[in-house]
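Me: I'd like a close look at one spot in this model, and then at whatever surrounds it. Could you walk me through it?

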Amino acid sequence: MLLFQVLASTFAGAALAAPWSLEKQAVSSEVLGRLTLFAEYSAAAYCTSNLNSSGTRVSCAAGNCPAVESASTTTLDEFDEVLSFGDVAGFTAVDSTNKVIVVSFRGSRTLSTWLADLVFDQVNASSICVGCEVHSGFWGSWQTVASDVTAQVESAVARYPGFSVVFTGHSFGAAVATLGAAVLRHSGHKIELYTYGCPRVGNKALATFITAQSPNYRVTHTNDVVPKVPPRLFGFSHPSPEYWIRSGDSAAVSASDISVVEGIDSTAGNTGAAGASADAHAWYIVNIDKCSSTPTSVSRFCYASSETIIRLHCLAPLGVRT
Ligand SMILES: *[C@@H]1O[C@H](CO)[C@@H](O)[C@H](O)[C@H]1NC(C)=O
Ligand SMILES: *[C@@H]1O[C@H](CO)[C@@H](O)[C@H](O)[C@H]1NC(C)=O
């Protein structure tokens with residue numbers, strides 16, 4: 001099947017849902033502060049200076065991580081697996097101001113490439129949970145760094161007692177963070193998960209399992225295209241809850257702009273929001289991929305107009321796959 005058809009039917013279905021019936025449930029200012037801090041840690045994983053020099057402070061040349069830069073931080077490991085599937089990169093940092101060990105994964109630098117290559121294959125993930133199936137590419141990506149990241153977390157937890165452990169990331173990095181957190185929690189670690197613009201990573205059994213693990217902060221923004229893929233009709237599901245930011249691109253986000261949407265595969269948030277925007281994917285409280293050498297832009301991958309019509313120029317990067 002042409003990916004074009006898949007996307008068209010996904011977004012047509014989304015448009016039928018009524019997203020406005022949800023009860024608005026604003027988050028506390030404390031939660032907003034955490035969502036902001038880890039959005040900035042996710043942004044920092046796009047900055048090369050945090051990927052090539054372990055033992056240094058976390059900083060963002062793009063100026064999009066002020067809360068991180070004002071904290072006392074040191075990276076324990078910085079990695080960039082250039083040759084791996086999906087080019088997995090990120091860092092493990094210790095933040096003694098916020099008493100947290102952060103593992104942050106970078107989103108793909110070539111978003112158009114991985115969206116175009118986003119086949120919907122699932123592989124058996126019964127090593128995580130019974131009946132679980134996981135997206136083959138995201139799973140392969142996590143596995144390229146699994147042993148290093150696990151060793152880093154175990155040594156950091158021993159060295160910094162009382163610190164919490166957070167896995168975070170944006171986009172492709174969010175998918176890797178989700179799977180990493182699921183696996184490490186399953187082996188007994190306490191991990192908080194903060195993801196921004198995460199695609200669906202596996203089937204409903206996996207989403208149910210991750211939902212039960214908690215705490216999960218799966219942040220989405222208006223009608224960001226990426227959390228809408230891979231489509232539900234291919235057997236993919238999102239865990240609950242979702243923290244749905246309703247304010248527009250480049251707008252400051254206040255606590256009342258964020259709805260907590262409960263329920264696996266609820267259509268009350270991003271899934272039910274009409275259309276699909278690439279610009280919305282780049283704005284998560286901060287301009288989250290600003291350090292990327294090739295930031296997200298509408299011309300780089302497909303999006304649907306609010307009328308759910310896939311515009312022709314979207315087909316160039318996406319339509320080559322059948
Ligand atoms: C790491 O990357 C930054 C940004 O590109 C660069 O300025 C710095 O010199 C690099 N550091 C090392 C140790 O390669
Ligand atoms: C997944 O693997 C497990 C263990 O090898 C096996 O018992 C199970 O039947 C497999 N599930 C599917 C759907 O193939």
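Which residues does Ala43 touch, not counting residues up to four places away in sequence?

Reply: Leaving out residues up to four places away in sequence, Ala43 touches Cys60, Asn64, Cys65, Val286, Ile288, Lys290 and Cys291; touching here means C-beta atoms, placed from the backbone, within 7 Å. Keep in mind that this is a predicted model, where local features need pLDDT of at least 70 and side-chain atom pairs count only at pLDDT 80 or more, while totals for chains, interfaces and linings use all residues. Residues are numbered from 1 along each chain as its sequence is written, with chains lettered from A and ligands numbered from 1 in the order in which they are written.

Now zoom out a bit. Ala43 is among the residues with the most contacts inside the largest nonpolar core, along with Ala39, Ala44, Val176, Leu179 and Leu206. That core has 76 residues, and α6 gives the most to it, with ten. A separate, second core has five residues, including Val226, Val229, Ala276 and Ala278. (A core joins buried Ala, Val, Leu, Ile, Met, Phe, Trp, Tyr and Cys through C-beta atoms within 7 Å; buried takes 20 or more other C-beta atoms within 10 Å, exposed 12 or fewer, partly exposed in between.) Buried residues make up 50% of the chain's 322. Of its contacts with a separation of 6 or more, 71% link residues 24 or more positions apart.

Leu206 leads us to α7 (204–213), whose buried residues are Leu206, Ala207, Phe209 and Ile210. Those four sit on the same side of α7, because they span an arc of only 160 degrees around the axis, taken from the directions to the C-beta atoms. They pack against β5 (133–135), α6 (172–186) and β8 (216–221). Just past α7, Ser214 has a positive phi of about 35 degrees. Helices (H or I, at least four residues) and strands (E, at least two) are DSSP runs, numbered from the N terminus; the chain has nine helices and twelve strands.

Lys99 lies in the loop between β2 (88–95) and β3 (100–105) and is exposed, with 12 other C-beta atoms within 10 Å.

Terms used: Contact = placed C-beta atoms within 7 Å.
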